[in-house]
Amino acid sequence: QVQLVESGGGLVLPGDSLRLSCIASAASGDTFSNYAMAWFRQAPGKEREIVGVISMAGTVRRYQESVKGRFSISRDNAQNTVNLQMRKLKHEDTAIYYCAARNTVTGETPAGLSEYDYWGQGTQVTVSS
């Protein structure tokens with residue numbers, strides 16, 4: 001079991017950069033490296049969607065098409081953190097961003113909401129001029 005807390009959201013201008021962080025607290029006997037980690041987002045009036053996912057060892061990354069080349073996901077298993085570096089932000093990136101974890105024993109990188117076991121509370125990102 002793991003608890004997730006996101007941070008780093010805020011109000012930025014179009015074209016700006018922002019870095020989100022998610023720190024995980026694993027239950028006794030569990031380890032952060034047992035989890036594939038993902039970032040999702042949900043804009044007002046829209047369904048929650050995948051932004052990016054990173055495998056348990058950090059060797060595989062996948063991104064939603066609209067953020068490829070602008071967003072980068074990384075993790076530090078020693079620090080129990082996963083980050084989302086966002087560059088060249090656009091108005092349409094405005095959303096609540098959620099960190100999610102999936103307990104796994106493989107290098108999988110699932111993209112579906114229902115495939116993730118644990119969620120953070122979310123952090124608001126607003127891109128506005």
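Strands β7 and β8 pair in the antiparallel sense over 6 bridges, where two strands count as paired if DSSP finds at least two bridges between them. Strands here are DSSP runs of E with at least two residues, helices are runs of H or I with at least four residues, and both are numbered from the N terminus. The model is predicted: local features need pLDDT of at least 70, side-chain atom pairs count only at pLDDT 80 or more, and totals for chains, interfaces and linings use all residues. Residues are numbered from 1 along each chain as its sequence is written, and side-chain values use heavy atoms, with hydrogens and water left out.

The protein chain contains 0 helices and 11 strands. Its radius of gyration is 14 Å, close to the 14 Å that the globule rule gives for 129 residues, so the chain is as compact as a globular protein of that length. The radius is taken over C-alpha atoms, and the rule is 2.2 Å times the number of residues to the power 0.38. Along its principal axes, the C-alpha trace spans about 45 × 25 × 25 Å. Of the 129 residues, 43% count as buried; buried means under 20% relative accessible area, exposed means over 50%, and partly exposed lies in between, with a 1.4 Å probe and protein chains only. Among contacts (heavy atoms within 4.5 Å) with a separation of 6 or more, 60% come from residues 24 or more positions apart.

Strand β8 (81-86) also pairs with β3, in the antiparallel sense and over 6 bridges. In this pairing Leu-18 stands opposite Met-86, and Arg-19 stands opposite Gln-85. Strand β3 (residues 18-26) is in turn joined by 6 bridges to β1 (residues 2-7), and these two strands run antiparallel. Val-5 stands opposite Ile-23 in β3.

In β8, 6 of the 6 residues are buried, so the strand is largely enclosed by the rest of the structure. In a regular strand the side chains alternate between the two faces of the sheet. Thr-81, Asn-83 and Gln-85 point one way from β8, while Val-82, Leu-84 and Met-86 point the other way. Thr-81 is buried, with a relative accessible area of 17%, and stands opposite Asp-76. Not counting residues up to four places away in sequence, Thr-81 touches Cys-22, Ile-23, Phe-32, Ser-74, Arg-75 and Asp-76. Asn-103 is 22 residues from Thr-81 in sequence and 15 Å from it in space, C-alpha to C-alpha.

Most residues other than glycine have a negative phi. The hairpin of β7 and β8 has 4 residues between the strands, and Asn-80 takes a positive phi near 55° there. Asn-80 is partly exposed, with a relative accessible area of 22%. Lys-88 is exposed, with a relative accessible area of 57%.

The protein chain exposes about 6,400 Å², of which carbon and sulfur atoms supply 47%; accessible areas come from the Shrake-Rupley method with a 1.4 Å probe, and for residues only the protein chains shown count as cover.
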